[in-house]
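Q: I have a structure on the screen and would like to learn how to read it. Where do I begin?

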Amino acid sequence: MKSFTIVEINELLKGELVGTCDEQITGAEQLERATAQQITFIGSNKFAKLWEASKASVAIVDAKIKLEPGDNRALIRVKNADLAMATLLEALEPAPPVLEEDIHPTAVVHESVVLGKGCKIGAGCYVGKNVVLGDGVVLYPNVSIFDDSKIGHHTVVWSGTVIRERSEIGNHCIFHINVSIGADGFGYRPSDDGRGLVKIPHIGNVIIGNYVEIGANSCVDRGKFSATIIGDGCKIDNLVQIAHNCILGRSCIMAGHSGLAGSVTLGDGVIIGGSASIKDHTTINSGAVIGAGSGVMGDVDAGKTVLGYPATDARDMLKQWVALKRLSKN
Amino acid sequence: MKSFTIVEINELLKGELVGTCDEQITGAEQLERATAQQITFIGSNKFAKLWEASKASVAIVDAKIKLEPGDNRALIRVKNADLAMATLLEALEPAPPVLEEDIHPTAVVHESVVLGKGCKIGAGCYVGKNVVLGDGVVLYPNVSIFDDSKIGHHTVVWSGTVIRERSEIGNHCIFHINVSIGADGFGYRPSDDGRGLVKIPHIGNVIIGNYVEIGANSCVDRGKFSATIIGDGCKIDNLVQIAHNCILGRSCIMAGHSGLAGSVTLGDGVIIGGSASIKDHTTINSGAVIGAGSGVMGDVDAGKTVLGYPATDARDMLKQWVALKRLSKN
Amino acid sequence: MKSFTIVEINELLKGELVGTCDEQITGAEQLERATAQQITFIGSNKFAKLWEASKASVAIVDAKIKLEPGDNRALIRVKNADLAMATLLEALEPAPPVLEEDIHPTAVVHESVVLGKGCKIGAGCYVGKNVVLGDGVVLYPNVSIFDDSKIGHHTVVWSGTVIRERSEIGNHCIFHINVSIGADGFGYRPSDDGRGLVKIPHIGNVIIGNYVEIGANSCVDRGKFSATIIGDGCKIDNLVQIAHNCILGRSCIMAGHSGLAGSVTLGDGVIIGGSASIKDHTTINSGAVIGAGSGVMGDVDAGKTVLGYPATDARDMLKQWVALKRLSKN
C-alpha cells in the first residue's frame with residue numbers, strides 16, 4: 001500500500017499547507033467516511049461545514065474556502081481543487097491486478113500470434129491466427145481476440161471483451177469489461193420474394209486510434225465495407241452504441257447510453273451527453289455539444305450546443321420548454 | 001420434474017377449489033399454450049373467455065371473476081391472483097443448472113482465495129488473489145472476479161459477469177449474465193497542453209448490500225475515490241448504467257435501460273422507470289418515482305412522482321402534453 | 001483472399017460496364033480511402049465529384065448519375081446501386097475465423113450433449129447437460145450454453161454470449177458478441193412484512209425462431225411462466241432489451257438501444273427505431289413503425305407510424321413540434 005506524509009502530499013500538489021499532522025496517508029475518502037489515514041476533499045462551501053465532524057486528518061481545499069484545520073489536522077489549499085485531486089489520485093492509485101504468468105497455461109494463443117515485449121495474457125483468453133500484440137499489452141482473463149487483429153503497445157483489455165477479426169487498435173487504449181468490438185453492422189435488404197429480410201455482409205473492420213478508452217458493455221460495429229473509425233483520445237462511456245461506418249475525430253466524449261446510428265461522422269472534440277442518440281448519416285462538427293437525452297436528427301454546426309428531442313439550439317430548446325410549461329398553466 | 005395434484009396446489013395457495021381433476025400438474029403456461037399437465041392463470045375478465053378453449057386442467061382465478069370449471073377441470077379461486085401465482089411459481093421452480101464439481105478443474109483460482117462451505121466454481125472461471133467467497137456462493141462458468149473482492153454468502157454469479165478488484169458484495173445477491181462491476185468511472189481532465197484529455201484514476205470501489213439483484217449486461221462503475229454503493233434489496237434490471245460514486249438506498253428499483261450519471265444519490269424505495277436518466281450530482285429522495293423515459297435534471301422530493309424530459313411533477317407533465325396536443329390542432 | 005476482374009464483377013451485378021481496367025479487385029472501400037485494387041460505390045451525385053480524385057479502379061454507379069470513368073478505370077452502371085453493393089459484398093466476403101478443431105480441448109461439453117454434424121465448439125466454451133446442437137452449429141470461444149437448451153442447424157454464436165437453460169433456438173440464427181439469452185425476468189412482489197421486495201421466480205424460457213439475428217450486448221429475458229418468443233427472421237440490433245414474456249412476430253426490426261418492457265406483443269414486420277421504448281403489456285400491430293427515440297405508452301394500430309414521447313401519430317407529433325417551436329418564438 002502506498003503511504004505519504006502530508007508534507008509529501010503538499011509538495012506533490014504545490015499547495016499551501018496549513019496546520020500539522022503526523023499521520024501517514026494511505027487513501028482518499030469523502031468527508032463523512034474518511035478515517036485518520038485518509039485525505040479528503042473540499043471543493044465548495046457546501047462541504048466545508050462537514051470538516052469539523054470528519055475523521056480525515058487532512059483535506060485538499062479550494063483556496064477560496066475559509067476554513068481552519070483544527071488540532072493535529074491539516075489543510076492543503078490549492079487553486080484548482082479538481083486538478084489537485086486528480087494529481088493526488090494518480091499518486092495514490094494502487095497497482096492494477098497482477099497476472100503472475102506472462103501467458104497463462106489455460107490461454108489459447110495461436111502459434112502465428114506475434115507478441116510484443118512484456119505482454120500478459122490471462123487465463124481463458126483466446127487469441128486467433130495472425131493477431132499482433134504490441135509491447136506491454138495486457139489481456140485480462142477471458143478476453144477473446146480474433147484473427148488478423150492488431151493491438152497497439154500498452155493497450156489493456158479487461159475481461160469479457162471480444163475483439164473481432166481484422167480490428168486495428170492503437171497504443172495505450174483501455175477496453176473495459178464486456179466490450180464488443182467489430183460485430184457485424186445492422187444492415188438488411190428485403191428478400192427477392194419480398195417476404196423477409198436478407199443480411200448484408202459487413203466486410204469492413206474497426207480502426208481505433210491511440211489513447212482511446214471504451215467503457216463496459218459498449219459496442220463498436222465493423223463497417224459494411226471500409227471501416228468504423230475512432231480517433232485518438234476519444235473517451236467512450238458504458239453501454240454506448242457506435243454503429244457501422246461511424247467516424248469519430250479526435251478526443252470526442254460519449255457519455256453512458258448514448259448512441260450513434262450508422263455512418264454518423266463526429267468532428268474533433270465533440271461531446272455527446274448521456275442517453276443522447278444521433279440519426280444515421282448525420283455530421284456533428286468539431287466542438288459541438290449534444291445535451292443529455294437529446295435525439296439529434298440533422299447535422300450540427302461546429303461549436304454549437306444542441307438539446308432536446310428533436311434536438312435544436314440549446315437556448316431555443318430551453319425557451320420551448322419554458323413556453324410549454326407556461327402554456328400548460330393557462 | 002416437480003409434480004402436484006390440484007388439491008396440493010389449492011392447499012399451498014389457500015384458495016377455494018371448484019371442480020375436480022385428476023391430472024398431475026408439472027408446469028404453468030398461459031391459456032392458449034397450456035397442456036393438460038399445466039396450470040394457467042386468469043387475472044381479469046379479458047382472459048376468462050379463453051378458458052373454455054384452453055387445454056389447461058386447472059386455473060388460478062381471481063375471486064371476482066365469474067367462471068365455471070367444466071368437466072374434469074378445476075378452478076382455484078383466490079383473493080390475490082398475482083400473489084398466488086408468485087407462490088405457485090416458487091413451488092414449481094425447477095432446480096437451477098447443477099455444477100457437478102465443486103471447483104471445476106478448468107477454473108483458475110488463486111491459492112490465496114478463501115472459500116466458504118459449499119461454494120461452486122464453474123468451468124473457465126477466474127478468481128484472483130485474496131478473494132473471499134462466502135458459504136454457498138455459486139460462480140457459473142466463465143465468471144471473472146479480481147483481487148481482494150469479497151462475495152457474501154449464497155450469492156449467485158452468472159456467466160460472463162466480471163467483478164473488478166476490491167469490490168464488496170453482500171449475501172444472497174444475484175448477478176445475471178454479462179454484468180460489469182467495478183470498471184473505472186468516466187472521468188477525464190484536459191491535458192496540460194490543452195490538446196486532449198487525461199484519465200483521472202478511479203481508486204475507489206463498489207460496495208453492494210444484501211439481496212441485491214443486477215440484470216444482464218448492466219454496469220456499476222467504481223468510485224473515483226470512496227465507493228459506489230448499492231443498498232440492501234435493490235433490484236436492477238438489464239442494461240442499466242450506475243456511474244461512479246452513486247449511492248442507492250434500500251430497495252430501489254431501476255428498470256431496463258435506465259441510468260444514473262456520476263454521484264447521483266437515491267433514497268430508499270426509489271423507483272426509476274425504463275430508459276429514464278438522472279443527471280450527475282442530483283438526489284432523488286426516498287419513495288420518489290421517476291416515470292419511464294424521463295430525463296431528470298434536478299433533485300426530486302421524497303414521495304414525488306416526476307415524468308418527462310425534462311422531468312417535472314407528473315401531473316404537470318401530463319398537462320403539458322395535453323396542452324401541446326391541443327395547441328397543435330389549433 | 002478473393003479476387004475478381006471487373007468483367008467478372010459486372011457479370012455478377014448484371015450492370016453496364018463503361019471503360020476498361022485490368023486490375024484485380026480484392027476489396028471494397030469508400031471513395032477517399034480506396035486503392036487501385038478496390039471497388040467503390042457512388043450512390044448519389046453528392047459523391048460523384050469525388051470519383052476523379054479517388055484511387056479506386058472501378059465504381060458501382062447508380063444509372064442515373066452522369067459520370068465518365070477516365071483512363072484505365074471503369075464504371076459499372078446499375079439500376080439499384082444498394083442491391084448491387086449487397087450482392088458484391090456477398091461475393092467479396094472473407095471467410096469467417098476458422099476454428100481449427102471441432103471441439104477444442106479446453107471446451108467443457110457435458111457427456112449428455114447431442115452434437116449435429118460439423119459442429120464447432122471453440123476454446124473455453126461451456127455446454128451443459130442435455131444440450132442439443134444442430135448440424136453446422138458454431139460456438140466461438142468463451143460461449144456458455146446451459147442445460148436442456150436446443151440450438152438449431154447452422155446457428156452461429158459469437159464469444160461472450162450466454163444462453164441460459166431450456167432455451168429453444170432455431171436454425172440459421174446469429175448471436176453476436178456478449179448477448180444474454182434467458183436471464184430471469186424483472187419481477188418482484190412486496191415482502192409479507194412490507195419492508196422489501198421478494199423475487200418472483202421466472203420458470204419460463206426463451207423460444208427463438210429461424211434466421212433471427214441478435215446484436216452485441218443485447219438481452220432477451222426468460223418468461224415468468226410460458227415463454228418469451230421471437231419469430232422467424234427478426235433482426236435485433238445492439239444493446240436492445242427484450243423483457244420477459246414479450247412475443248415478436250416474423251421479421252421485426254429493433255434498432256440499437258430500443259427496448260420492450262414485459263409482455264409486449266409485436267405483430268409481423270414491426271420496425272422499432274433506435275432508443276425507442278415500449279411500455280409493458282402493449283401491442284404493436286403488424287407493419288407498425290415506431291420512430292427513433294419514441295416512448296410508446298399504448299397499443300399501436302397495424303401499419304401506423306408513431307413518433308415522440310409520448311408517442312403519437314407521426315404527422316401529429318411533427319405538428320406538435322412545429323407548434324411548440326412557433327409558440328416559443330412568440
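This is a predicted model: local features need pLDDT of at least 70, side-chain atom pairs count only at pLDDT 80 or more; totals for chains, interfaces and linings use all residues.

Q: How many residues of chain A and of chain C are in contact?

A: An interface can be read from both of its sides. Here 58 residues of chain A are in contact with 56 residues of chain C.

Q: What area is buried between chain A and chain C, and what share do carbon and sulfur atoms give?

A: The buried area is about 4,500 Å², with 63% given by carbon and sulfur atoms. On the side of chain A, the residues that lose the most area to chain C are A:Phe186, A:Phe225 and A:Tyr309; together they make up 16% of what that side buries.

Q: How many salt bridges are there between chain A and chain C?

A: The count is two. One of them joins A:Arg189 to C:Glu90, where the closest N and O atoms are 3.5 Å apart. As for polar contacts, 20 residue pairs between chain A and chain C have one, counting pairs with both residues at pLDDT 80 or more.

Q: Which elements of chain A supply the side that touches chain C?

A: At least two residues each come from strands E18 (180-183), E19 (188-190), E20 (197-199), E23 (219-221) and E24 (227-230) and from helix H4 (314-329) of chain A. H4(A) gives the largest share, five residues. By residue class, this side of chain A has 28 nonpolar, 18 polar and twelve charged residues.

Q: Which residue does UniProt list for "active site"?

A: The record, an unreviewed entry, lists A:His244. An annotation of this kind may be inferred rather than shown by experiment. A:His244 sits in the loop between strand E26 (241-242) and strand E27 (247-248) of chain A.

Q: Is A:His244 buried or exposed?

A: The relative accessible area decides this, and buried means under 20%. A:His244 has 15%, so the residue is buried. Leaving out residues up to four places away in sequence, A:His244 touches residues including A:His202, A:Asp221, A:Arg222 and A:Lys224. A:Phe186, named above for the area it loses to chain C, is also among the residues that A:His244 touches.

Q: Why does C:Ser144 count as buried?

A: C:Ser144 counts as buried because its relative accessible area is 1%. This serine lies in strand E12 (residues 144-145) of chain C.

Q: What does C:Ser144 touch?

A: A list of neighbours can cross from one chain to another. C:Ser144 touches B:Pro141, B:Asn142 and B:Ser159, along with C:Tyr126, C:Thr161, C:Val162 and C:Ile163, again leaving out residues up to four places away in sequence. With B:Asn142 there is a side-chain polar contact of 3.1 Å.

Note on methods: Residues are numbered from 1 along each chain as its sequence is written. Chains are lettered from A and ligands numbered from 1 in the order in which they are written. Side-chain values use heavy atoms; hydrogens and water are left out. Contact means heavy atoms within 4.5 Å. Buried area is the accessible area (1.4 Å probe) that two parts lose on being put together, summed over both. A salt bridge is a side-chain nitrogen of Lys or Arg within 4 Å of a carboxyl oxygen of Asp or Glu. A polar contact is a pair of N or O atoms within 3.5 Å; within protein, one must be able to donate a hydrogen and the other to accept it, and residues adjacent in sequence count only if both atoms are side-chain atoms. Helices (H or I, at least four residues) and strands (E, at least two) are DSSP runs, numbered from the N terminus. Ala, Val, Leu, Ile, Met, Phe, Trp, Tyr, Cys and Pro count as nonpolar, Asp, Glu, Lys and Arg as charged, and the others, Gly among them, as polar. Buried means under 20% relative accessible area, exposed over 50%, partly exposed in between (1.4 Å probe, protein chains only).
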